[in-house]
Amino acid sequence: MASKTFVRTLRTASKQKISAPSIPKRSFVSATATRPVVAAQRTALAAASQQQTRGIKTVDFAGTTETVYEREDWPREKLLDYFKNDTLALIGYGSQGHGQGLNLRDNGLNVIIGVRKNGASWKEAEQDGWIPGKNLFEVDEAISRGSIIMNLLSDAAQSETWPAIKPQLTKGKTLYFSHGFSPVFKELTKVDVPKDIDVILVAPKGSGRTVRSLFREGRGINSSVAIYQDVTGKAEEKAVALGVAIGSGYLYKTTFEKEVYSDLYGERGCLMGGIHGMFLAQYEVLRERGHSPSEAFNETVEEATQSLYPLIGANGMDWMYAACSTTARRGAIDWSGKFKDTLKPVFNELYDSVKTGKETKRSLEYNSQPDYREKYEKELEEIRNLEIWRAGKAVRSLRPENQ
Ligand SMILES: NC(=O)c1ccc[n+]([C@@H]2O[C@H](COP(=O)([O-])OP(=O)(O)OC[C@H]3O[C@@H](n4cnc5c(N)ncnc54)[C@H](OP(=O)(O)O)[C@@H]3O)[C@@H](O)[C@H]2O)c1
């Protein structure tokens with residue numbers, strides 16, 4: 001498909017993106033010492049929150065009215081006041097721990113990190129300016145100091161460490177997750193939360209790296225918010241406030257169950273597994289039919305990710321169909337039905353596999369093995385060595401900006 005028009009349109013679309021001043025990086029010490037917020041940051045935050053000027057609580061999503069919570073209802077001063085008596089103990093410093101932790105720190109909240117001392121995360125946290133004994137502790141110590149315990153260990157580690165963590169979750173503390181996985185599949189994970197504490201969830205809809213980069217750009221990730229247990233009557237308010245504090249632009253409501261089902265389903269489907277399978281199938285057929293690797297890669301991945309997908313993201317599928325040639329439009333509309341009908345049974349099989357806990361069982365069993373990192377590395381090496389991704393490397397190196 002000829003893509004010059006798309007590239008032009010993409011340039012225009014990206015120029016139209018709202019740009020806001022980035023929020024300066026601060027150390028935790030200066031963050032806590034300078035409350036209330038310094039002037040420059042106030043200006044940056046005001047600019048950021050002005051992007052969220054709708055100020056509405058319900059949105060009509062294609063005929064279904066849903067409640068959404070927006071950042072503008074939680075300006076920074078209100079957040080600082082709301083959490084003034086809290087210590088947020090963020091346990092785990094992987095993808096989400098890094099993004100959420102740094103955003104909380106830059107927002108001026110009293111946040112501490114809890115990780116095991118000899119792990120990779122401890123070193124990474126130190127590199128990010130967390131100071132041992134001040135705001136970086138071993139897991140148990142952090143939990144004992146925290147009033148809100150943000151469990152951002154990997155899902156397998158949440159299950160493994162639960163027997164040690166549970167007794168420390170005493171009355172008055174709040175337990176926070178970014179995935180419904182552990183409590184929803186408690187038969188498998190054994191994460192049976194204490195009955196006398198609030199249990200809440202904020203699940204950013206993206207990688208922890210994006211949670212951080214969007215925040216730094218003055219933008220915000222979309223997140224879902226859910227309540228598992230509300231013993232104080234304040235669980236929802238607390239969850240929404242935390243959602244904004246970790247860098248969400250807006251939050252939509254869900255339940256722990258729906259969050260985990262949709263999340264496991266999505267990442268196995270269109271977000272990664274499904275799309276990878278579709279890339280591979282299309283590429284292999286092109287290669288088997290005599291097309292060169294560069295052509296097969298360009299027509300399968302490069303044009304999709306560099307040109308069409310960002311436009312679909314910015315404008316929707318109808319716009320995309322309207323913006324392409326009539327030849328492309330005719331064929332794409334005709335074939336979309338066949339793909340949908342063929343794939344729908346696979347998606348139903350996948351949803352069942354998620355709902356019955358089969359996916360959770362597989363994930364727990366695999367990711368709790370002591371050599372799971374090495375095993376993943378072997379699989380990733382195999383993917384890295386597939387012709388499609390080796391061709392992709394060459395294609396990417398030809399992008400003018402990479403030369
Ligand atoms: N990644 C995402 O994009 C994403 C998006 C939305 C929600 N979530 C959810 O956010 C939560 C955190 O996910 P993540 O991807 O950020 O996790 P991750 O990158 O896999 O982080 C793993 C963390 O767990 C620690 N850990 C692993 N095994 C441990 C053990 N046995 N004892 C103590 N610590 C251990 C690691 O520390 P060491 O370095 O010491 O091993 C590391 O700090 C999960 O519930 C996940 O489902 C993730």
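**Figure legends: overview and close-up views**

**View 1. The whole protein chain.** The model is predicted. Its secondary structure amounts to 20 helices and 10 strands. The protein chain has 403 residues, of which 42% count as buried. Taking contacts between residues at least 6 apart in sequence, 70% join residues at least 24 apart.

**View 2. A nonpolar patch on the surface.** Five side chains are shown here: M278, W335, F339, L343 and V346 form the patch. Together these residues have about 470 Å² of accessible area. Which helix gives the most to the patch? That helix is α17, with 4 residues.

**View 3. M278 in the nonpolar patch.** M278, one of the patch residues, lies in helix α14, which covers residues 273–288. The relative accessible area of M278 is 38%. Because partly exposed residues lie between the 20% limit for buried and the 50% limit for exposed, M278 counts as partly exposed.

**View 4. S325 and the loop around it.** The loop between α16 (317–323) and α17 (326–355) holds S325. An unreviewed UniProt entry places the feature "binding site" at S325. Is S325 buried, exposed or partly exposed? With a relative accessibility of 38%, S325 counts as partly exposed.

Technical notes: Residues are numbered from 1 along each chain as its sequence is written. This is a predicted model: local features need pLDDT of at least 70, side-chain atom pairs count only at pLDDT 80 or more; totals for chains, interfaces and linings use all residues. Side-chain values use heavy atoms; hydrogens and water are left out. UniProt positions are given in the numbering used here, feature names are shortened, and annotations may be inferred rather than shown by experiment. Helices (H or I, at least four residues) and strands (E, at least two) are DSSP runs, numbered from the N terminus. Buried means under 20% relative accessible area, exposed over 50%, partly exposed in between (1.4 Å probe, protein chains only). Patches are made of residues with over 30% relative accessible area and no salt bridge: like charges are joined within 9 Å, nonpolar side chains (Val, Leu, Ile, Met, Phe, Trp, Tyr) within 5 Å. Accessible areas come from the Shrake-Rupley method with a 1.4 Å probe; for residues, only the protein chains shown count as cover. A salt bridge is a side-chain nitrogen of Lys or Arg within 4 Å of a carboxyl oxygen of Asp or Glu. Contact means heavy atoms within 4.5 Å.
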